[in-house]
Amino acid sequence: MSKTTTTTAAEKPVGEVTGPSRGSFLRDRLQQSLAFGTLIVLLIFFSLASSNFLSWSNISGILLATAVIGILAFGTTLVIVTAGIDLSIGTGMTLCAVVTGVLLVNWELPLLVGVLGGIATGALMGFINGFNVSVFKLPPFIATLAMMMIAQGLALVVSGVRPIYFSGVDGFKEIALGAIIPGLPNAVLILFLTGIAAFLLLSKTLLGRYTFAIGSNEEATKISGVNTGKWKILIYTVAGIFTGIAGVVIAARLDSAQPQLGVGYELQAIAAVIIGGTSLMGGRGSILGTLIGALIMSVLINGLRIMSVQTEWQNVVVGVVILVAVFTDSLRRRREA
Amino acid sequence: MNAPLLKVEGVSKSFPGVKALDDVHFDVSRGEVLALVGENGAGKSSLMKILSGIYVKDAGTIYLEGEPVEITGPRHAQDLGIIIVHQEMNLMPHLTVAQNIFIGREPRVLGFLDERRLNRDTAVLLARLGISEFRPTDLVENLTVAKQQMVEIAKALSFDAKVVIMDEPTSALTQTETDTLFRLISELKASGIGIIYISHRMEELSRIADRITVLRDGKYIGTRERTAVTQHEIIKMMVGREINENARPATMRADNVDDVVLRVEGLSTKKLLRDVSFELRRGEILGFSGLMGAGRTELARAIIGADRTTAGKIFVNGVETTISQPAHAVAKGIGYLSEDRKQLGLLLDRDVNTNILLSSLGRYANFLGFMKTGPGKGTSRKYVESLRIKTPSIFATTKNLSGGNQQKVVIAKWLARDCDILIFDEPTRGIDVGAKEEIYRLLNELVERGKSIIMISSELPEVLRLSHRIIVMANGRITGELTSNEAEQEKIMDYATRISQ
Ligand SMILES: Nc1ncnc2c1ncn2[C@@H]1O[C@H](COP(=O)(O)OP(=O)(O)OP(=O)(O)O)[C@@H](O)[C@H]1O
Ligand SMILES: [Mg+2]
């Protein structure tokens with residue numbers, strides 16, 4: 001695929017000083033603030049439409065509903081910024097949940113082992129994705145599509161096509177539904193903690209810098225002496241860790257590992273990333289945007305539900321929101337050019 | 001004297017279907033500028049990519065300070081002190097200047113990036129190099145091509161270099177920026193660094209080269225002391241035949257003078273253009289001269305509908321026409337050959353044939369939309385031959401052609417489209433002397449066949465040689481118009497430096 005480079009052929013007047021970098025900073029934030037504005041508008045709209053909407057129990061319900069998609073979306077933001085894609089996060093998450101279930105329920109291993117086992121499964125899948133992309137040079141779409149189906153199959157095989165219930169496992173449910181901070185479900189706490197971790201990774205570490213560099217111009221990054229293959233493997237592995245965490249959280253929230261679940265989550269996560277202003281062409285994106293994107297989706301769904309809009313129509317609305325988000329993004333870019 | 005700084009012996013390299021380098025040798029000493037010249041596809045960039053660890057050589061030895069070295073990758077070359085400024089831009093547009101310059105060498109504290117130090121180090125570097133056109137925190141995508149090139153150069157000079165390789169560094173630079181670069185080069189020389197300098201601009205060689213090495217078809221032809229050789233001799237070594245350099249255009253046939261094919265009236269854009277009006281006549285080459293940034297590319301883009309205009313009218317063959325996107329322009333018979341070919345002109349992953357036929361595909365489809373392959377291939381072959389595009393076949397991937405040959409493919413594409421009005425933006429940038437002559441000949445042939453050409457060029461000799469009339473722009477306005485008889489370098493420069501009115 002050809003890289004987008006933004007060298008427009010337009011010449012600038014002689015001696016014109018390049019605009020202050022604050023300008024571009026603001027412009028980069030624009031999609032985010034648009035998304036943020038949308039979120040606020042939705043909140044106002046639904047709170048006017050329904051008095052229940054702003055109740056703490058509803059808000060914490062929205063946050064809880066955001067947790068799984070949000071965590072998945074954080075990891076996938078990294079991959080999308082490299083101009084890649086990860087379709088395996090939905091069913092991958094399910095496989096992680098099932099592995100945790102087998103470790104804790106069938107094998108009766110300690111809680112920590114089950115949790116780490118689930119996360120490690122995610123990391124391994126991410127590593128394999130990264131390896132296929134970097135070493136075998138498979139297009140990310142294909143590598144992760146294959147992994148999506150493999151994970152789906154394995155989840156069914158390992159679980160014996162039956163849900164695994166955690167009812168006998170002490171403290172597992174509390175991972176998502178307990179409240180270390182009173183009133184705030186742990187799943188939401190985990191959402192924020194993983195968000196902060198992803199934010200730091202993307203904006204303050206070498207991994208994040210190379211994520212942007214690869215998405216911006218992989219060839220140039222490579223000949224600058226950066227081992228892009230190694231870093232891509234690492235990036236996909238990190239995304240896999242987020243998938244693993246999401247798997248544990250969803251299992252704890254449902255108090256069971258549901259092997260049939262998972263398909264569709266990847267698209268919702270990718271939608272959140274895109275609504276949040278991350279470019280599918282790579283090189284551009286932010287974790288804060290992704291969080292806002294994930295919130296927009298769950299606020300929409302929750303609000304529509306409270307207004308008793310049919311589920312079928314909820315999907316239509318979310319689809320339209322994605323179109324609008326991508327459209328404003330392309331408008332912005334056109335204005336830039 | 002001790003061993004040369006860098007010495008290359010018997011280096012060969014083959015790609016499928018091409019022997020890019022065949023037993024090549026050369027050396028460069030401390031504090032010396034070695035110019036490496038040769039036609040498009042002669043193997044210059046391949047040789048430099050071997051030195052910088054991007055390609056692996058098939059045979060030969062590289063000596064650094066007398067010791068044989070096996071260069072294993074870009075990182076290794078950097079560590080050895082061999083630094084390259086690539087022919088193609090190799091920057092990450094979404095990152096800042098500082099982030100680009102120090103990519104792979106980011107300062108860190110406790111595992112986290114130290115952005116403050118990164119920007120400080122970059123500011124120090126830019127100050128040392130005397131570059132004030134951009135700041136460490138500017139995003140590279142917001143810089144002009146010329147400034148991006150300066151970022152590349154600053155990046156190369158930020159290393160602790162022993163050998164600096166520059167592959168056509170000036171092809172996108174303005175005169176002042178070129179002067180800045182040459183000043184930097186003399187500083188590098190003074191500090192004992194060896195420089196390998198690749199360029200198609202012959203006049204530059206006499207300014208900075210100490211010795212000149214010539215390659216042709218991947219083979220070593222010879223090395224000369226610059227003071228002991230004339231430009232003419234070098235060109236002859238490069239192309240292996242005599243070429244006639246200074247032919248002026250046949251003056252336009254008088255009967256065409258009133259036949260206006262394109263009239264632009266009062267064209268303005270938000271950014272730069274102010275009230276631009278001119279006429280283009282049938283069978284004419286209209287040269288557009290001016291400094292970089294004068295607005296010539298903007299004018300072309302406004303005419304073809306790539307950028308929005310705020311005022312003005314365009315008449316094609318006397319009929320007022322609204323052109324709101326490039327497809328309309330093509331439909332009206334106006335083709336634009338963009339200055340930035342890599343980004344805007346080519347499908348690099350597709351073959352030469354596809355690229356040449358891209359804008360004229362409709363002509364090679366039957367009524368059901370299936371492609372007729374035969375006639376298309378004939379057309380492609382014709383242009384590959386007449387433009388001397390060096391490629392193993394018309395089905396070779398365009399990405400694998402040398403820089404100059406890629407350029408020729410874009411030219412072939414527009415020639416194949418057969419537009420009545422062609423706008424060429426810097427048509428010979430990065431193209432070797434022999435092929436330039438070929439392109440000049442083609443342009444003349446086109447106008448003789450009744451086509452009309454707008455030629456934007458920063459190379460004055462080229463404008464002077466080809467144009468029937470010359471329009472000079474400065475700061476988004478037309479500041480002067482000259483006929484080919486009255487045009488001379490000084491007059492053009494005088495108009496070009498007039499700021500408005
Ligand atoms: N990766 C590649 N795969 C196949 N062929 C290649 C590759 N790189 C270069 N070549 C071929 O090797 C030859 C030499 O190319 P090279 O880029 O070194 O030329 P050059 O002297 O730099 O020309 P220019 O002046 O146009 O930049 C060309 O025929 C080119 O097509
Ligand atoms: Mg080259």
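## Reading charges, rings and domains in a predicted model

The structure holds 25 salt bridges over all chains. The model is predicted.

Me: How do I read a salt bridge, and which side chains of Glu115(B) and Arg209(A) meet in one?

Reply: Start with the general idea. Side chains of opposite charge can pair when their charged atoms come close. Here, Glu115(B) and Arg209(A) meet through their side chains in a salt bridge, at 3.0 Å from N to O. Glu115(B) sits in helix H4 (residues 115-129) of chain B and Arg209(A) in helix H8 (residues 206-223) of chain A, so this pair joins two chains.

Me: Is Arg209(A) buried or exposed?

Reply: Arg209(A) has a relative accessible area of 6%, and the cut-off for buried is under 20%, so Arg209(A) is buried.

Me: What is the distance between the closest N and O atoms of Glu32(B) and Arg211(B)?

Reply: These two form a salt bridge, with the closest N and O atoms 2.5 Å apart. The pair links distant parts of the chain. Glu32(B) is in the loop between strand S2 (18-28) and strand S3 (33-37) of chain B, while Arg211(B) is in strand S11 (residues 211-216) of chain B. They are 179 residues apart.

Me: Are Glu32(B) and Arg211(B) buried or exposed?

Reply: Glu32(B) counts as buried, at 10% relative accessibility. Arg211(B) is buried too, with a relative accessible area of 14%.

Me: Which residues are linked with Glu32(B) and Arg211(B) in a network of salt bridges?

Reply: Asp27(B) is linked with them in the network.

Me: What about Asp307(B) and Arg301(B)?

Reply: They form a salt bridge, and their closest N and O atoms are 3.0 Å apart. Asp307(B) counts as partly exposed, at 22% relative accessibility. Arg301(B) is buried, with a relative accessible area of 14%.

Me: Where do Phe15(B) and Tyr55(B) lie in the chain?

Reply: Phe15(B) is in strand S1 (residues 6-15) of chain B. Tyr55(B) is in the loop between helix H1 (44-51) and strand S4 (59-64) of chain B. The pair links distant parts of the chain, 40 residues apart. Phe15(B) counts as partly exposed at 28% relative accessibility. Tyr55(B) is partly exposed as well, with a relative accessible area of 27%.

Me: Why is the pair of Phe182(B) and Tyr197(B) edge-to-face?

Reply: Their ring centres are 6.2 Å apart and their planes are at 65°, so the pair is edge-to-face. Phe182(B) lies in helix H6 (residues 175-190) of chain B, and Tyr197(B) in strand S10 (residues 194-198) of chain B, so the pair ties together parts 15 residues apart in sequence. Both Phe182(B) and Tyr197(B) are buried.

Me: Which residues form one aromatic cluster in chain A?

Reply: Phe45(A), Phe46(A) and Phe53(A) do.

Me: Which charged residues lie over the faces of Tyr63(B) and Phe159(B)?

Reply: Look for a Lys or Arg over the ring face. Lys7(B) lies over the face of Tyr63(B), 5.6 Å from the ring centre. Arg105(B) lies over the face of Phe159(B), at 3.6 Å from the ring centre.

Me: Now the whole chain. How many helices and strands does chain A have?

Reply: Chain A has 12 helices and 2 strands. From the N terminus on, its elements run α-α-α-α-α-β-α-α-α-α-β-α-α-α. Of its 337 residues, 53% count as buried. Among contacts in chain A between residues at least 6 apart in sequence, 78% join residues at least 24 apart. Chain A exposes about 14,500 Å², with 70% of it supplied by carbon and sulfur atoms.

Me: Into which domains is chain B divided?

Reply: They are domain 1 (1-81 + 160-244), domain 2 (94-159) and domain 3 (258-496). Taken over C-alpha atoms, the centres of domain 1 and domain 2 of chain B are 26 Å apart. In chain B, 14 residues of domain 1 are in contact with 12 residues of domain 2.

Technical notes: Residues numbered from 1 in each chain as written. Chains lettered and ligands numbered in written order. Predicted model: local features only at pLDDT ≥ 70, side-chain atom pairs only at ≥ 80, totals over all residues. Heavy atoms only, no water. Helix = DSSP H or I, 4+ residues; strand = E, 2+ residues; numbered from the N terminus. Buried < 20%, exposed > 50% of the residue type's maximum accessible area, 1.4 Å probe, protein only. Phe/Tyr/Trp six-rings, centres within 6.5 Å; stacked < 30°, edge-to-face > 60°. Lys NZ or Arg CZ within 6 Å of the ring centre and 35° of its normal. Contact = heavy atoms within 4.5 Å. Areas by Shrake-Rupley, 256 points an atom, 1.4 Å probe, with all protein chains shown as cover. Salt bridge = Lys/Arg side-chain N within 4 Å of Asp/Glu carboxyl O. Domains from an automatic or database assignment.
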